[in-house]
Amino acid sequence: MVNQQRQPICGASWWWQWLPIMLLLAISQTTGATPPSNDDWWQRTVFYQIYPRSFMDSNGDGVGDLRGITSRLEHLKDAGIGATWLSPIFRSPMVDFGYDIADYTAIQPEYGTMEDFEALLAEAKRLGIKIILDFVPNHTSDQCEWFRRSVAREHPYTDYYVWQDGRVDPNGNGTARLPPNNWQSVFYGSAWTLHPDRGQYYLHQFTAQQPDLNFRNPAVVDEMREVLRFWLRKGVAGFRIDAVNHLFEADGFPDEPETGTDRDPLSYGFTHHIYTKDLLEDYDMVYQWRALLDDWSREHGGDARIIMTEAYANITFTMKYYHAEEDDGDQPDGQPRAAAGSHMPFNFLLITDLNRDSSAQDFVYTIQKWLTYMPRVGATANWVLGNHDQPRVGTRYGAERIDAIHTLLLTLPGIAVTYYGEEIGMVDNPDAISSGGGDSVTGASDAFIVFSRDPERTPFQWDGTANAGFSSGPTTWLPVHPNYRELNLAAQRLAERSHYKTYQALVALRAHETFRKGSIQLVPYSSNVVVYVRELAEADTFVVVINLVAGERTVDLVAVFPKLSAELTVASSGSASNYRVGDIVQADKLIVGGYDGLVLRSVPLMSRAQRNLDGERHPTATSVWSAVKDAAVIASIIIALGSSYYGLRAPWQSVASGLAEGSLKK
């Protein structure tokens with residue numbers, strides 16, 4: 001009986017001797033951990049879309065070019081951008097400004113030469129910026145040599161495109177023909193055009209000058225593979241694939257069912273596009289291209305080459321681009337093997353589902369929608385805020401919300417994509433519509449006024465000089481927005497606070513491991529305020545607060561996220577915010593200004609102790625007290641556990657209890 005009592009005392013003595021070391025181990029943060037396998041370069045960078053015609057003109061002809069892009073790559077580096085994708089730079093008649101390609105392996109002359117492109121690649125490599133090319137496989141230009149030979153029925157090009165005889169006109173003389181079916185072009189009108197030389201209709205899901213390639217022909221598939229390899233040999237980091245869900249059409253070319261909501265048979269909304277979009281073969285082609293890029297990376301080394309896919313489709317269809325399950329009996333574990341697909345199936349929900357009238361509930365629902373549908377394994381979220389086909393952020397959401405929306409974009413989990421000029425808050429220029437030099441696809445009709453994409457494609461506003469510093473020539477291909485004298489990059493770089501400096505700071509902040517790897521919990525605090533917390537074990541916790549309206553709002557963050565510390569530090573704020581970086585705010589009574597977007601830092605308990613013990617050579621009294629409090633709490637837990645197991649004496653418990661109680665009352 002005596003021996004049984006001595007054993008716990010001996011055990012308690014052992015615990016007490018090792019307690020200081022155990023406390024340090026408990027308080028310290030894990031450092032030097034191996035990054036997870038999903039921490040590749042493309043998953044932790046910001047992508048930036050450049051519209052080449054509008055970025056920078058190097059020769060004064062009013063049109064942006066490759067040398068101009070090269071001369072301005074330092075700006076991307078300064079902004080923290082890690083990769084840029086270029087809208088098409090290939091030889092083209094420019095009916096759809098490069099999306100009608102005549103030669104996939106030649107540079108459009110007004111943009112420069114192949115040597116200019118190679119120089120751009122070299123400069124980008126020096127700056128650590130990846131170059132992504134826009135790949136347009138669904139269709140070519142009608143000026144493409146392939147199409148000319150297909151019209152002439154030259155082997156092997158005869159079936160490179162989708163040709164059909166058409167239907168007999170019941171009201172004709174027996175020789176007149178009608179389009180093969182009721183399919184419409186995205187840009188209005190029949191998707192079929194009769195070619196007089198060949199005597200057949202060809203399919204074009206976009207303009208008549210953009211005939212669709214026939215991906216059911218293996219020779220076409222091989223041609224596209226060679227195009228990818230050509231540019232991989234040049235050194236590009238990947239491809240953004242345009243209109244990928246239009247690649248295949250149903251065999252037999254049946255009529256599509258009518259929607260019943262649009263009575264114009266020539267309108268794209270007249271039918272449900274179940275035979276011309278989102279076919280299973282579309283996904284399989286993406287999987288094949290992904291396999292090609294993965295094989296290339298394995299064979300040639302270096303960083304992963306990536307695929308980004310554009311498909312305006314419902315979310316279920318969009319998710320299929322990530323990967324598909326394939327049965328594979330050779331798998332050692334007997335489980336189906338996932339066929340890898342697009343690294344980034346573009347997420348357009350911030351464009352299509354939200355606007356200036358959206359509530360906080362709408363924002364949370366839309367963000368959660370993507371995160372809910374996204375595969376749990378082998379997928380990374382992405383957020384696209386704008387592109388060359390959509391009105392700019394300041395136009396869609398309101399110029400007063402630009403910083404708040406960028407705060408959202410750059411603090412969500414996954415990849416951020418920025419359209420050129422958004423970092424300085426450029427807005428649409430409605431005067432560009434009447435310039436006569438722009439969007440030839442929609443023409444000059446009333447529809448052009450409504451649907452023209454020119455307003456969001458105007459030249460980048462570099463400074464307050466003539467043509468906003470974009471061109472030294474007398475005119476520009478589209479007019480510069482008249483606000484360029486006040487709204488330009490040079491002025492924003494000099495200002496103490498600006499859209500650009502807010503954007504730049506947010507890009508730098510999102511490199512923090514919590515934003516790269518942490519979880520997210522979103523809450524609509526009210527109809528006007530969105531709040532969410534980004535957390536990662538043993539790392540700083542961040543809270544994002546976005547006020548969507550003009551008036552101030554008081555927010556009790558502790559009521560929503562009880563684990564937050566009482567005081568938070570401002571890590572980022574909008575350019576018109578009342579707060580500055582480094583300000584201390586109270587978590588339970590935070591006053592958020594109108595249209596403000598705040599990022600607040602809450603340092604975890606154990607991280608604070610670690611920093612105070614190891615990171616300060618001359619800790620202040622407050623720092624010392626904080627470390628003592630943290631140590632006291634942990635000590636009380638260890639001693640309490642020890643006493644319950646070993647029967648430690650009451651005096652030890654009372655000392656630890658007193659320390660813990662004092663820390664809680666502080």
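Contact is defined here as heavy atoms within 4.5 Å. Helices (H or I, at least four residues) and strands (E, at least two) are DSSP runs, numbered from the N terminus. Axes are lines fitted to C-alpha atoms, for helices over the stretch in contact, and angles run from 0 to 180 degrees between N-to-C directions. The model is predicted: local features need pLDDT of at least 70, side-chain atom pairs count only at pLDDT 80 or more, and totals for chains, interfaces and linings use all residues. Residues are numbered from 1 along each chain as its sequence is written, and side-chain values use heavy atoms, with hydrogens and water left out.

The chain holds 21 helices and 25 strands. Of its 666 residues, 54% are buried (under 20% relative accessible area, with exposed over 50% and partly exposed in between; 1.4 Å probe, protein chains only). Among contacts with a separation of 6 or more, 68% involve residues 24 or more positions apart. The accessible surface of the chain is about 29200 Å², and carbon and sulfur atoms contribute 53% of that area (Shrake-Rupley method, 1.4 Å probe; for residues, only the protein chains shown count as cover).

Eight strands form an open sheet with parallel pairing, in the order E15-E12-E11-E5-E2-E1-E17-E16; two strands pair if DSSP finds at least two bridges between them. Strands E15 (344-345) and E16 (382-384) are at the edges and have a single partner strand each, so one side of each lacks a neighbour in the sheet. E15 runs parallel to strand E12 (residues 306-309) and is joined to E12 by two bridges. Threonine 309 has proline 345 in E15 as its bridge partner. Helix H13 (residues 402-411) packs on the sheet, where H13 touches strand E1 (46-50), E16 and strand E17 (415-419). The directions of H13 and E17 make an angle of about 140 degrees. Helix H5 (residues 114-127) lies across strands E2 (83-86) and E5 (130-135), and runs at about 140 degrees to E5.

Strand E11 (residues 238-241) is joined to E12 by four bridges in the parallel sense. Arginine 240 has methionine 308 in E12 as its bridge partner, and isoleucine 241 stands opposite threonine 309.

The axes of H5 and helix H7 (residues 218-234) come within 10 Å and cross at roughly 60 degrees. The two helices are therefore oblique to each other, given that angles under 35 degrees count as roughly parallel, over 145 as roughly antiparallel, 65 to 115 as roughly perpendicular and the rest as oblique. Met114, Phe117, Glu118 and Leu121 in H5 meet Phe230, Trp231 and Lys234 in H7.
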